[in-house]
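I opened this entry to record a few look-ups, one residue or group at a time. The structure comes first, then my notes.

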Amino acid sequence: MNFQRILYDMLSYSAPIILCVLGGNYAHKANVLNISLEGMLLMGAFSSVLFVMISGNIFLGCIIGILATLILGVVFSVMCVTKKGNPIIAGLAINLLASAISAFVLKAMGLANLNVNNIVDVAGLKINIPIIKDIPFIGGVISGHPLITYVSFIGIFIMWLIMYRTKFGVYVRVTGENEDAATSVGIKTNRIKYIAIMIGAFCCALAGINLALEKMALFTNNMSAGIGFIAIAAIFCGKGKPVRSSVYAIVFGLAQSLATNLNISAGPASGLFNTLPYFMIIGILAVVSVIQLKNNRIRGFKNE
C-alpha cells in the first residue's frame with residue numbers, strides 16, 4: 001500500500017469537506033442550521049463546469065459558479081431569516097432544487113455528464129511548491145495540489161482569526177448565543193445571519209469548483225456524494241470550532257482516501273470499501289454523542 005498516495009489523497013478529499021465545514025460554521029455560530037451545504041456545493045460544481053463548457057473560459061466559469069451559489073444563499077436566507085421558516089425544510093428544498101436543476105439541464109442537453117477536459121488541463125492546475133516539492137515523502141504529500149485545496153487549509157486559520165479576533169466574529173457569536181441580548185445592544189442580527197449564510201454559500205461554491213473543475217474537469221449529477229452532510233457531521237462533532245471541526249473533516253477525508261486506495265487492490269470486494277467513510281461518520285458521531293452525554297451528566301452532578 002502506498003502511504004504517500006493515501007496521505008496525498010487525504011488532503012485532496014478533505015479540501016471540499018473543510019470548505020463546507022468552514023462555511024457551515026459561520027451559520028452555525030449565528031444559530032442557523034444550514035442543511036443546504038450539499039445543494040450549494042452541487043450548484044457550484046454544476047454551474048462552473050457548465051459555463052466553462054459554454055464560454056471556454058475557466059475564470060468566467062468560476063465566477064458564474066460562485067454567483068449561482070450565492071443566489072441559492074440568498075434564497076435560503078430569505079426563507080430562514082426574513083420569513084422565519086424551518087431551516088431543515090428550507091435546506092432540504094435547496095438540496096433538491098440544485099439536484100433537479102442539474103439533472104434537468106443534463107437531460108435537456110442529452111448528456112450523461114459535462115466533460116471539459118478539452119478546455120481544462122487538470123494537471124496544469126496543480127501547484128508544485130518550490131523547495132517543498134523536493135523534500136522526500138513530504139513533498140509528494142503536500143505539493144502538487146490545485147489552488148483551492150491550499151485555500152481550504154489556509155481558510156481554517158482565517159476563520160479562526162475572523163471568529164475570535166474581529167468585531168464581526170464577536171457579533172456572529174453573540175447573535176448565535178443570545179439573539180435578544182444582541183438586538184438590545186444594537187446588533188442587526190438578521191444582517192449578521194445573512195452575511196454568515198452568504199459566506200457559507202461562497203465557501204460551498206469554492207468546494208464545488210475544487211471538486212468538479214480543478215480535480216476532474218467533469219460534472220456528473222449528484223457527484224457531491226453527501227459531502228455537505230459529512231460537513232454537518234464534522235461541525236456537530238467539533239462543536240462549531242474551526243480547528244476542531246476541520247480535524248474531523250480531515251479524518252473523513254482520510255476514510256475516503258483509504259476506501260479509494262483499498263479499492264484498487266481489493267478486486268471483487270472493492271465495493272465494500274466504498275461504505276467505509278459512512279461507517280466512520282456513524283462511529284464518530286456515536287462516540288462524540290456518548291462523550292457529550294457523559295460530560296453533561298458530570299456538569300449536572302456538579303451543579304447539584
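Predicted model: local features only at pLDDT ≥ 70, side-chain atom pairs only at ≥ 80, totals over all residues.

I looked up Asn-210 and found it buried, with a relative accessible area of 0%.

I placed Asn-210 in helix H9, which covers residues 189–214. I then checked what its side chain meets. Another, of 2.9 Å, links the side chain of Asn-210 to that of Glu-214. Setting aside neighbours within four places in sequence, I listed the contacts of Asn-210 as Ala-15, Pro-16, Pro-146, Ile-148, Thr-149 and Lys-215.

Next I turned to the cysteines. How many disulfides does a search of the whole structure find? I noted 0. Cys-62 is in no disulfide, and the nearest cysteine sulfur to it, in Cys-203, is 15 Å away. For Cys-237 I noted that the closest cysteine sulfur belongs to Cys-20 and lies 16 Å off, so the distance is too far for a bond.

Last, I looked at the surface. Phe-3, Ile-135, Phe-137, Ile-138 and Ile-142 make up a nonpolar patch there, with about 450 Å² of accessible area together. I followed up on one of its members, Phe-137. Phe-137 sits in the loop between strand S2 (126–127) and helix H5 (138–142). Its relative accessible area is 42%, so I wrote Phe-137 down as partly exposed.

Key: Residues numbered from 1 in each chain as written. Heavy atoms only, no water. Disulfide = S-S within 2.5 Å. Helix = DSSP H or I, 4+ residues; strand = E, 2+ residues; numbered from the N terminus. Buried < 20%, exposed > 50% of the residue type's maximum accessible area, 1.4 Å probe, protein only. Polar contact = N/O pair within 3.5 Å; in protein donor to acceptor, adjacent residues only side chain to side chain. Contact = heavy atoms within 4.5 Å. Patch = residues over 30% accessible without salt bridge, like charges linked within 9 Å, V, L, I, M, F, W, Y side chains within 5 Å. Areas by Shrake-Rupley, 256 points an atom, 1.4 Å probe, with all protein chains shown as cover. Salt bridge = Lys/Arg side-chain N within 4 Å of Asp/Glu carboxyl O.
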